[in-house]
Amino acid sequence: MSAVRIRPETIADHDAVRAVHRAAFAPPDGSEAVEAGLTDRLRDGPWFLPALSLVADDEDRVVGHVICTRAHVGEADALGLGPIGVLPEAQRHGIGSALVDAAVDVARSRGERLVGLLGDPDFYGRFGFVDSRTVGVDAPDPTWGVHFQVLALDDDTPRGTFRYATPFDEL
């Protein structure tokens, strides 16, 4: 990998982003990766925040993508992080970490209060994400347990049940 640059996604990146998610989440049965279609639907609604759809660009080739969309905790605004994907051949080079760091930085700069996600606690814990239950945020699905995590971006963490953008409800 050469010097990977994280930048906002453009319309011209959509096909490459779809290919990233298809490759990163390819089901063994050869069916379509849910994350590819979900990303397309997340761009099409009031929950879409263009500044929070970022790509990892390696010499003008999109090798990774992350999207954060408007979510809610109770009535308070929050962000849902995901999907995040990196091409298999580009994994284990810090690209996923760079995408998370960049997304969190943009969220902070926008004055966002909280980011929630479903993922591996060992991976996301290094960015400060914690089990949502420890700060009074309930997962959309209680069976997610420790895998639903949040990162509070200010001292006024909202409490209640986390709700992702509508396209997540359609999965």
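Modeller: The residue to start from is P83, which is placed in strand 4. Keep in mind that this is a predicted model. The peptide bond leading from G82 into P83 is cis, and its omega is near 0 degrees. Most peptide bonds are trans.

Rolling a probe the size of a water molecule over the atoms shows where empty space is left. Which element supplies the largest share of the lining of the largest pocket? Strand 4 does, with six residues. Other elements that supply at least two residues each include helix 2 (34-42), helix 4 (121-124) and helix 5 (166-169). Helix 3 and strand 5 also give at least two each to this lining.

In soluble globular proteins, nonpolar side chains tend to be buried together. Here the largest nonpolar core has 31 residues, and L81, L99 and F129 have the most contacts inside it. Strand 4 (76-86) is one of the elements that supply at least two residues of this core, as are strand 2 (48-58), strand 3 (61-73) and helix 1 (14-24). The largest share, seven residues, comes from helix 3. Neighbours within four places in sequence aside, the contacts of L81 are V66, I67, C68, A103, V115, G116 and L117. Another core lies apart from this one; it has 16 residues, including L114, V137, A139 and F168.

Next come the loops. On one side of strand 4 in the chain, R92 sits in the loop between strand 4 and helix 3. Its phi is positive, about 70 degrees, although R92 is not a glycine. E59, in the loop between strand 2 and strand 3, also has a positive phi, near 50 degrees. Most residues other than glycine have a negative phi.

E112 is another loop residue, located between helix 3 and strand 5. At 8% relative accessibility, E112 is therefore buried. Its side chain makes a polar contact of 2.8 Å with that of R70. Leaving aside neighbours within four places in sequence, E112 touches L79, A107 and L153 as well as R70. A152 is 40 residues away from E112 along the chain, yet their C-alpha atoms are 9.0 Å apart.

D131 belongs to strand 6 (residues 130-131) and counts as buried because its relative accessibility is 17%. The side chains of D131 and R133 are joined by a polar contact of 2.7 Å. Beyond its neighbours within four places in sequence, D131 is in contact with G145, V146, F148 and Q149.

Note on methods: Residues numbered from 1 in each chain as written. Predicted model: local features only at pLDDT ≥ 70, side-chain atom pairs only at ≥ 80, totals over all residues. Heavy atoms only, no water. Helix = DSSP H or I, 4+ residues; strand = E, 2+ residues; numbered from the N terminus. Buried < 20%, exposed > 50% of the residue type's maximum accessible area, 1.4 Å probe, protein only. Polar contact = N/O pair within 3.5 Å; in protein donor to acceptor, adjacent residues only side chain to side chain. Contact = heavy atoms within 4.5 Å. Core = buried A, V, L, I, M, F, W, Y, C linked by side-chain atoms within 4.5 Å.
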